[in-house]
Amino acid sequence: MSTTHKPTLAVWKFASCDGCQLSILDLEDELLTLAGAVEIAEFHEATSHNVAGPYDLSLVEGSITTEHDAQRIQEVRRVSKTLVTIGACATAGGVQALRNFADVADFTAAVYASPEYISTLATSTPISAHVKVDFELHGCPINKHQLLEVVSAFLRGRKPAIASTSVCTECKRRGIVCVTVAHGTPCLGPVTHAGCGALCPAYNRGCFGCYGPMEAPNTGALVPLLRSQGLDEAGVRRVFQTFNAAAPAFREVVEP
Amino acid sequence: MSERRTIRTDYLARVEGEGSFSVQIDGGRVEQAELRIFEPPRFFEALLRGRSFTEAPDITARICGICPVAYQTSSMNAMENLCGVEVSEATRTLRRLLYCGEWIESHALHIYMLHAPDFLGYSGAVELARDAPQIVERGLQLKKAGNELMRLVGGREIHPINVRVGGFYRAPSKQELAPLVQPLERAREAAIETVRWTAGFDFPQHEVECELVALSHPDDYAIERGRICSDRGLDISASEYTEHFEEEHLERSTALHSRLRERGTYLCGPLARYSLNHAQLSPLARELAREAGLGETCRDPFRSIIVRSVELVYACDEALRLIDSYEEPDVPAVEVRPRAGSGHGASEAPRGLLYHRYRVDADGMILEAQIVPPTSQNQQAIEDDLCGVVQQNLELSDERLQGLCEQTIRNYDPCISCATHFLRLEVTGR
C-alpha cells in the first residue's frame, strides 16, 4: 500500500438486492470520515466517478449466477490486492441459491414468458467458489458496524475482530431470555453465525439463520429439538433452506 | 442534423442495480430509446413456490435492500386478503410508521446521494461533500432518522425482522417509541430545508403526458393501503389488478412493459401520488409544496426531486402523528389460518405502486406468485420520456445529451434490482 496516496476502495455488485452495499451508505455518522480515509475508486451505486485499478481493497456483494459474471469476478480478483465478500449472496450464494436444489429450466419458465431469452447458470455460487477470498463477512444483510471494523482492519493491516461463535452467545451477552427454553419457539440461534446482535430473540422471534452457519455448528443436535417443538420434516428443511441454503453446514441438514 | 447518432451509457451510475441505456437518432429524429437491464435474474416468483404463506414477507424483502418494507407490506396485504383477516388498529399504525421510516431513508438517499448531484454538477454525494459538507450531512441526518425508526419498529433498517402476516412479533410500548420524537422533529426541519433547497435548482420546461396511477385512500395520503386509482378515472381494488393491467412484449425491447389495457402507458411513483392525493398531505407539507411552486398536480419528472422532498416532510410529520396516537395492543398479532385461494396486495413503495398476487393451497403452501415492482411499470414511461428529452435537445453534444439522458432516468429513481426478476433478461457474453 502506497504511503503517499490514500488507499483505494472498490465496491462490486453481482446477483444481489443491493442491501449490503447500501450498508456502506447507511454508515451515516462515519461515511464522510471513511470517504476521507480512502479513495472511493469504484462504487457505481454512489458515484459516476471511477478510477482505474488496481485497488487496495475490494468489497464484493452478490453471487455468481451467469457465465458473464463468472468471468467478471476473475477480473475483479486480478485488480484487487485484498478481496472481502460481504453478505449471504457473496459468501453462500444467497436466497437465489434455492435454484441449486431445483431444475433451473422450471424456475426460468415460471418467471419468464420466453425462457429461451434467459441466459443463466444452473447454480448460484459464492464468490469463494471462483476466486481466492481474503475475508468473508456474513449476514443477510451484513451488520454495518462489522463492515466498518473489517474495512478499518484491512486498511491497518490487522485481522478483523469478528467473532465466529453462535447467536446464542449474543443472547447471553445481551441478557435476552432464551425463546426456546422459555417459550418453546424453534430457533436456529445455536447453529447460526453471530453478528446480528441476537435481533430476532430480542423481538420474541426465533432466529431464522440469516447470518448462515457458525464455525463447526452442531446441527445434528438441533434438528431433533426443532422437531420436538412442532416443526415437521418439511418445516425443518425450509428453515435451513432459505438465505444460506447452499452453505455446506446448512445444506448437509437437507441433503445428508 | 442528418447523420445517425447513438447516445448511450453502458453502466448507469447512481441507480440501484445494473442497467444501461441507448437512444438511436436518425436524420434528426429520435427512433427509439431503450433502458436495458443486465442484472442477473434471481427467480423470486419461482423460489416462492412450495414455501409457506408466512415466509413471503421475509423472502420477498430480499428482492430489494432499499425498499424491503414495501415488499413485506404488499405480501402481508396479499396474504391477509387471502385469509380474510383484518389486522388491529395498532398493527396498522405500526406498519404505516415503519413504512414512513422507509420513505424517509429511501427518499433521503435518492435526493441527496443519487439525484441532487445531477442538478449541481457533481459525480456523487462524496464529491459534493468536499464543497458543501453541511448539505450532505443534512441528507445523512435525514437518512439516519428514517433508519432509526426502522430499527426500532422493525428490528433493523435493511430486511426488518419484526413483521409477520397478522401483525408483529413484538409490539413496542408507547414509551419505547418516545426516543424517536426528537430525531424526527429535527428530521422534519431538515426536510423543510430540503424542499427549499431543491426548489432552487434549475429545471428545464418539461412535462409527461401519460396516465398517473397511485393508491388512494379516503382517510390518508395512501402508503400501506388503498385502492388503485388514476387521474383518468381508474378506481379498482388490488384484486382487480390483472383485469386492468397487462404486460406486453415489444419486439424491439428485451423488457416486458406494463400497460393499462386499452389505455396504454402509465406512470406510478411520487408524481402520481402527489397529483392524485396532494390534498391529503399534512398542512405543513401542502404549504411547502405551494412555497416551492408546485401546483395541484406535477407532471415534470425533473421536479420529482421537489415532490420527494415534500413527501419527506410529510413522512416525518406523519410518523410523529402516528407515534403520538399509538396505543400498545394487547397482542402483537392476530392469528391467521391459511385457506386455499388467491390473495392480492398493493402498497406505495418509495418508487411507486408495488403489486403482489399469490395462489396458496389449503395448507398455506404457495403455488404461484406474481410480483410487479414500480420500476417495471414505469419502464415504458421512462423510455418515452428519453425519446422526448433527446428530441427537444438535439442541438447538444453527444456528451451533454448522455448526461441529460442519465438525469432523465434518475428522475424516476429506478430500482433495477427490483425490476430484474420480472423483466426479460438478455445476458449475453458481451
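How many residues does the contact take from chain A and from chain B? In this predicted model, the contact takes 49 residues from chain A and 56 residues from chain B. On the side of chain A that touches chain B, the elements giving two or more residues are α1 (19-25), α2 (31-37), α3 (67-78), α5 (104-111) and α9 (199-202) of chain A. The most comes from α1(A), with four residues. Divided by class, this side of chain A has 25 nonpolar, 14 polar and 10 charged residues.

Chain A itself is divided by the domain assignment into domain 1 (8-156) and domain 2 (167-254). The C-alpha centres of domain 1 and domain 2 of chain A are 25 Å apart. Between them, 15 residues of domain 1 of chain A are in contact with 13 residues of domain 2 of chain A. Helix α4 (residues 88-92) of chain A gives the most to the side of domain 1 that touches domain 2, with three residues. The residues on this side of domain 1 of chain A comprise seven nonpolar, eight polar and no charged.

The nonpolar interior was examined next. In soluble globular proteins, nonpolar side chains tend to be buried together. In this model, the largest nonpolar core has 202 residues. The residues with the most contacts inside this core are B:Ile104, B:Ala214, B:Val310 and B:Val313. Helix α4 (residues 89-120) of chain B supplies the largest share of the core, 14 residues. From chain A, the core draws at least three residues from each of domain 1 (8-156) and domain 2 (167-254). Leaving aside residues up to four places away in sequence, B:Ile104 touches B:Leu142, B:Ala145, B:Gly146, B:Leu149, B:Ala187, B:Leu312, B:Ala315 and B:Cys316.

Helix α4 of chain B also holds B:Phe119. This residue counts as partly exposed because 15 C-beta neighbours lie inside 10 Å, whereas a buried residue needs 20 or more. With residues up to four places away in sequence not counted, B:Phe119 touches B:Phe201 and B:Asp202. B:Phe119 and B:Val87 are separated by 32 residues in sequence and by 43 Å in space, C-alpha to C-alpha.

Chain B contains an open sheet of four strands, in the order β8-β7-β6-β11, with mixed pairing. At its edges are β8 (235-236) and β11 (266-267) of chain B, each of which pairs on one side only. Strands of a sheet pair through backbone hydrogen bonds, either parallel or antiparallel. Strand β6 (residues 211-216) of chain B and β11(B) run parallel and are joined by two bridges. B:Glu211 has B:Tyr266 as its bridge partner in β11(B). Helix α10 (residues 270-277) of chain B lies across β6, β7 (227-230) and β11 of chain B. The angle at which α10 of chain B runs to β6(B) is about 70°.

Several features of the backbone were found in loops. In chain A, a cis peptide bond joins A:Gly53 and A:Pro54, with omega of about 5°. A:Pro54 is placed in the loop between β2 (39-43) and β3 (55-61) of chain A. The peptide bond from A:Cys140 to A:Pro141 is also cis, and its omega is near 5°. The loop that holds A:Pro141 is the one between β5 (135-137) and α6 (144-156) of chain A.

Positive phi values were found at two residues that are not glycines: A:Asp18, at about 80°, and B:Phe43, at about 60°. A:Asp18 is in the loop between β1 (8-13) and α1 of chain A. Is A:Asp18 buried or exposed? A:Asp18 is buried, because 27 other C-beta atoms lie within 10 Å. B:Phe43 is in the loop between β3 (29-37) and α1 (44-47) of chain B. B:Phe43 likewise counts as buried, with 27 C-beta neighbours inside 10 Å.

Conventions
Residues are numbered from 1 along each chain as its sequence is written. Chains are lettered from A and ligands numbered from 1 in the order in which they are written. A nonpolar core is a set of buried Ala, Val, Leu, Ile, Met, Phe, Trp, Tyr and Cys residues joined through C-beta atoms within 7 Å. A residue is buried if 20 or more other C-beta atoms lie within 10 Å of its own, exposed if 12 or fewer, and partly exposed in between; C-beta atoms are placed from the backbone. Domain bounds come from an automatic or database domain assignment. Two residues are in contact if their C-beta atoms, placed from the backbone, lie within 7 Å. Ala, Val, Leu, Ile, Met, Phe, Trp, Tyr, Cys and Pro count as nonpolar, Asp, Glu, Lys and Arg as charged, and the others, Gly among them, as polar. Two strands pair if DSSP finds at least two bridges between them. Axes are lines fitted to C-alpha atoms, for helices over the stretch in contact, and angles run from 0 to 180 degrees between N-to-C directions.
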